[in-house]
Amino acid sequence: MYTENPIPETGKKLSRRNFFKLLSGVFAGFIVVTLGIPMFESIVGTIKKKKQRIFSKLTSVSSIPNDQPVNLPFVMTEEDAFIKNIQPENVWAIKNPEGEATVFSPICTHLGCRYQWREDQKLFVCPCHHSVFDKNGNVISGPAPRPLDTLPTKTKNNYLYVLWERFKPGISNKEII
Ligand code: FES
């Protein structure tokens, strides 16, 4: 007697249901690629923009006296993603006999107070916990864990520019916030 022996499905045949599943998978993949890549680029672009570094004009290099710290006020411009932040700031600058300027952040490396130059002592002194630094930024005494933070500079047409940055206070190494 003849009995029908059904042939088991090998999976090679694509049923209508599986075909639509596959089609919707391909479609979803297409959407992810076409929308996902521009979105990813937009996010990366925003992050890149956030890291945009803007140098601010300080003063002419020739106006900084040799071996004597001067406080230089300036207008700091910062671009944080889509927000432009403009605010008054200041830095300390000193020029060596070779005419090279060093610019210090005005923020104490201990806990972030603003220190001052004491002309009578020829030292930078922080009023908060009495950290003392020499004119080159080295720690003389007090709890400051590292020398004064130098800021990146550039010179163009005899003008000194500074890149405003903030660093983590209270630690021995210089780390940008
Ligand atoms: S913040 Fe300057 S010594 Fe503490």
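**Loops, strands and core**

Modeller: Let me start with Lys122, which is exposed, having 11 other C-beta atoms within 10 Å. The cut-offs: buried means 20 or more other C-beta atoms within 10 Å of a residue's own, exposed means 12 or fewer, and partly exposed is in between, with C-beta atoms placed from the backbone.

Colleague: What sort of model and numbering is this?

Modeller: This is a predicted model, where local features need pLDDT of at least 70 and side-chain atom pairs count only at pLDDT 80 or more, while totals for chains, interfaces and linings use all residues. Residues are numbered from 1 along each chain as its sequence is written.

Colleague: OK, back to Lys122. Where is Lys122 found?

Modeller: In the loop between β5 and β6 (123-125). Strands here are DSSP runs (E, at least two residues), numbered from the N terminus. Lys122 is not a glycine, yet has a positive phi of about 55°.

Colleague: Switching to strands. How do β2 and β3 pair?

Modeller: Antiparallel, with 11 bridges between β2 (residues 70-80) and β3. To count as paired, two strands need at least two bridges found by DSSP.

Colleague: What's the strand order in the four-strand sheet?

Modeller: β5-β6-β7-β8, an open sheet with antiparallel pairing. β5 (116-118) and β8 (139-141) are the edge strands with a single partner each, so one side of each has no neighbour in the sheet. Two bridges join β7 (residues 132-133) to β8, and Phe133 stands opposite Val139.

Colleague: And which order do the strands of the three-strand sheet follow?

Modeller: That open sheet goes β1-β10-β9, antiparallel again. β1 (55-60) and β9 (153-156) sit at the edges with one partner strand each, so each has a side without a neighbour in the sheet. The twist averages 30° from one strand to the next, using axes fitted as lines to C-alpha atoms and angles from 0 to 180 degrees between N-to-C directions. β9 and β10 share four bridges, and Lys154 stands opposite Tyr161 in β10.

Colleague: Last topic, the largest nonpolar core. Which residues touch the most other members?

Modeller: Leu58, Val91, Ala93, Val103, Phe104, Leu151 and Val162, out of 18 residues in that core. β3 (83-95), β4 (101-104) and β10 (159-163) each supply at least two residues, and β3 gives the most, with four. By nonpolar core I mean buried Ala, Val, Leu, Ile, Met, Phe, Trp, Tyr and Cys residues joined through C-beta atoms within 7 Å.

Colleague: What does Val103 touch?

Modeller: Val91, Ala93, Thr150, Leu151, Thr153 and Val162, not counting residues up to four places away in sequence.

Conventions:
Contact = placed C-beta atoms within 7 Å.
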